[in-house]
Amino acid sequence: MGSRLSTLKSLHKEIGAQHEKMTESSVSLSTNRHGVPMCDSISNGAARSSPRSIFLSFVLLKDAAWCASAFVKRFRREWDDSIELEDGASSSTSCFIVDDVPVFIRLIPAPIPDNEALGAAEDNFLWRGDKSLVAHHRAHLIVTAPLPGKRAGRAFAKVCASLAGEASSVGIYINGVVHQPETYRDFAQCMKDGAFPTLCLVWVSVVRLESGSFAAWTEGLEALGRMEMEVPAADIDPMELFFFLADTADYVSENEVDFQDGETVSYTAGQKLPLERSPGIFLKGRDTWKIRFQPNELLAHEDEAHA
């Protein structure tokens, strides 16, 4: 594992250095045309190993201080998993081995600039209460697990959940949104029952289109080795759309499902929606699975339900 770990350390260092440089120069993370922060823009073109294929988050802190050894103690209290702090890390970066998965944490003693984090918290419609602490965070941790797949995702989610429990934590910034620490920890509790923490690793964005319909897409499935999904348009309640796509992402993640063109996914007991692989609409530069809602059939199904 030595040579592989060395390579992964180099990758994490490169991502962290580029992000720190951007932070110091007050350059915000770039966004796609819908204003969604794109994780693969962090490298600004320098780290071409496609960061969207690894697990990456930012833990927002009230204070510019963090203790790796204290974190290990907290993690061991919370999770029935092995964790070891590797020797040879720099003063700002620590490498942990969690269930044989390397996870890197780097302290950046500065906030994410230009109120980017507050905007990402505003985009989280599950957030309840005051967001002002996000706007006033003073530092952040870069957390990376530079390996794809379900096992790495589980280790990464446990690390982020433990970091969310630290007194200084005010938010977990991942996949374009900032989660409340307590909400992220709630999402992670399912692992204690053996379930996979999809909502810790995958976010579903929902937007209203000019037509009045809603569209949605996932961000985070690629790091799990699966293709992202998009719903180009649907005439249903936005929260219903959110939970439908979140449930579908959970099914895909938990069971490591690889769809095929022409297959269908269930929306209700009486309706199946077709899948089509094609270039991304909201997620540019990659293919995604399109889930096509058919309004006439939806209306017919609703009429039958109320008959």
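What share of the contacts between residues at least 6 apart in sequence join residues at least 24 apart? In this chain the share is 64%, where a contact means heavy atoms within 4.5 Å.

**Figure 1. The whole chain, as a predicted model.** Residues are numbered from 1 along each chain as its sequence is written, and side-chain values use heavy atoms, with hydrogens and water left out. Since this is a predicted model, local features need pLDDT of at least 70 and side-chain atom pairs count only at pLDDT 80 or more, while totals for chains, interfaces and linings use all residues. The protein chain has nine helices and 13 strands; helices (H or I, at least four residues) and strands (E, at least two) are DSSP runs, numbered from the N terminus. Of its 307 residues, 54% are buried. Here buried means under 20% relative accessible area, exposed means over 50%, and partly exposed is in between (1.4 Å probe, protein chains only). The accessible surface is about 13700 Å², with 48% of that belonging to carbon and sulfur atoms; areas come from the Shrake-Rupley method with a 1.4 Å probe, and for residues only the protein chains shown count as cover.

Figure 2. At the start of H8, a side-chain oxygen of Asp237 comes to within 2.9 Å of the backbone nitrogen of Met239. The buried residues of H8 include Leu241, Phe244, Leu245, Thr248 and Val252. An α-helix has 3.6 residues a turn, so residues three or four places apart point the same way.

**Figure 3. Arg74, Glu78 and Arg185 in a network of salt bridges.** A salt bridge here is a side-chain nitrogen of Lys or Arg within 4 Å of a carboxyl oxygen of Asp or Glu, and by this rule the count comes to 14. Glu78 pairs with Arg74, their closest N and O atoms being 3.3 Å apart. These two are four residues apart in helix H2 (residues 68-78), so about one helical turn separates them. Both Glu78 and Arg74 are buried. Glu78 also meets Arg185 in a salt bridge, at 2.9 Å from N to O. Because Glu78 lies in H2 and Arg185 in helix H6 (residues 181-188), this pair ties together parts that are 107 residues apart in sequence. Glu78 has a relative accessible area of 17%, whereas Arg185, at 22%, counts as partly exposed.

**Figure 4. A salt bridge between Arg292 and Glu276.** The closest N and O atoms of this pair are 3.3 Å apart. Arg292 sits in the loop between strand S13 (287-291) and helix H9 (295-306) and Glu276 in strand S12 (residues 271-279), so the pair links parts 16 residues apart in sequence. Arg292 is partly exposed at 31% relative accessibility, and Glu276 is partly exposed at 33%.

**Figure 5. Glu219, buried with no salt bridge.** Glu219 belongs to strand S9 (residues 214-219). The nearest side chain of opposite charge, Arg286, is 5.6 Å away; Lys and Arg count as positive and Asp and Glu as negative, with His and the chain ends not counted. What Glu219 does have is a polar contact of 3.3 Å with the side chain of Trp217. A polar contact is a pair of N or O atoms within 3.5 Å; within protein, one must be able to donate a hydrogen and the other to accept it, and residues adjacent in sequence count only if both atoms are side-chain atoms.
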